[in-house]
Amino acid sequence: MTFSTRRHFLRVFLSGLSALALAGCMTRRWPDGREEEDFDPRYLAKTNTDRIFDASREQVMASLFVLAEKLYRRNPREWKKANLEQHDKAMEALRRYRETAPAELAGQQEGAAVLRAFAPDYPGDRVAALVYGLLTMVDAAYEFKDEFFILDSLNAQKLYNCARNVEIAAWKLAATPDEAGRPLLLSNEMGEGAHNLSFEREFGRVIGQLDFIALIVSDRSGRTITSVTQSLATAVFLPVGMLK
């Protein structure tokens with residue numbers, strides 16, 4: 001399905017996501033049968049679209065942490081590079097990505113950090129570099145906001161570019177070998193008696209969410225998204241944080 005074709009499905013999905021995002025106002029049922037509305041005053045400053053943005057960002061970030069967890073479990077040598085006793089400590093550092101960046105990246109973020117994760121001479125934790133690059137990229141696409149209100153806005157081109165960059169990162173994860181020809185980082189697995197495509201599915205969720213929100217923002221603002229066609233084998237990461 002082309003990006004332009006997806007626009008036809010926007011309003012159908014939007015109505016469903018709107019209902020899902022309205023979870024900020026819930027009804028609590030007590031044991032004696034009483035019902036009480038839980039109401040957060042912040043929702044007075046939110047539109048349905050803002051709630052959709054909140055839910056989308058939360059789901060995208062959650063998927064990236066799921067990918068990190070799965071990669072650490074398949075590649076324990078990476079978190080052991082930091083002399084950690086368990087991968088949970090590496091996950092904690094990733095969850096503090098705004099304050100704690102892998103030292104070996106020397107300040108690199110977004111696509112540059114992802115590229116370092118697949119560099120043959122990279123000495124650090126490749127999983128941390130990859131996921132840190134994706135986290136900072138997504139953070140930039142969502143304008144470094146954890147929550148959205150009426151006066152907040154997003155840039156459809158940033159979201160679209162971020163989705164294409166996640167596609168590139170997923171391809172590099174699946175296609176980059178080490179010096180011996182083995183996968184640099186183990187992820188999906190296809191073989192006799194072993195089938196694991198969960199990484200591909202999780203990346204697909206992230207890409208789908210970003211593309212969908214890009215369509216919502218484009219439809220809302222009336223601005224056209226510039227589509228980019230690249231071969232994954234030679235693709236370059238598109239700008240996200242530097243876009244205005």
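Guide: Gladly! Let's start with a ring criterion: a charge sits over a ring if NZ of Lys or CZ of Arg is within 6 Å of the ring centre and within 35 degrees of the ring normal. K46 lies over the face of F149, 4.2 Å from the ring centre. In the other example, the charged end of R95 sits over the ring of F65, at 4.4 Å from its centre. This is a predicted model, where local features need pLDDT of at least 70 and side-chain atom pairs count only at pLDDT 80 or more, while totals for chains, interfaces and linings use all residues. Residues are numbered from 1 along each chain as its sequence is written, and side-chain values use heavy atoms, with hydrogens and water left out.

Visitor: What is the pattern of the chain, read along the sequence?

Guide: The pattern is α-α-β-β-α-α-α-α-α-α-β-β-α, with nine helices and four strands. Helices (H or I, at least four residues) and strands (E, at least two) are DSSP runs, numbered from the N terminus.

Visitor: Why is E202 called buried?

Guide: Buried means under 20% relative accessible area, exposed over 50%, and partly exposed in between (1.4 Å probe, protein chains only). E202 has a relative accessible area of 11%, so it is buried. K89, in helix 5 (residues 87-95), has 44% and is therefore partly exposed. Across the chain, buried residues make up 44% of the 244 residues.

Visitor: What makes the E202 and S63 side chains a polar contact?

Guide: Their distance is 2.8 Å. A polar contact is a pair of N or O atoms within 3.5 Å; within protein, one must be able to donate a hydrogen and the other to accept it, and residues adjacent in sequence count only if both atoms are side-chain atoms. E202 belongs to helix 9 (residues 198-221). Not counting residues up to four places away in sequence, E202 touches S63, V66 and L67, where contact means heavy atoms within 4.5 Å.

Visitor: How do you know that the F53 and F148 pair is edge-to-face?

Guide: Rings of Phe, Tyr and Trp (its six-membered ring) pair if their centres lie within 6.5 Å; planes under 30 degrees apart count as stacked, over 60 as edge-to-face and the rest as tilted. A search of the whole structure finds two aromatic pairs. F53 and F148 are 5.7 Å apart, centre to centre, with 80 degrees between the planes, and that is edge-to-face. This pair links distant parts of the chain, with F53 in helix 3 (residues 48-74) and F148 in the loop between helix 7 and helix 8, 95 residues apart.

Visitor: Why is the Y142 and F148 pair called tilted?

Guide: The Y142 and F148 ring centres are 6.2 Å apart and their planes lie at 55 degrees, so the pair is tilted. F53, Y142 and F148 form one aromatic cluster.

Visitor: Which residues have the most contacts inside the largest nonpolar core?

Guide: They are L94, L130, Y142, L159 and I213, in a core of 63 residues. The largest share, 12 residues, comes from helix 7. A nonpolar core is a set of buried Ala, Val, Leu, Ile, Met, Phe, Trp, Tyr and Cys residues joined through side-chain atoms within 4.5 Å. Leaving aside neighbours within four places in sequence, I213 is in contact with residues including F53, Y142 and L159.
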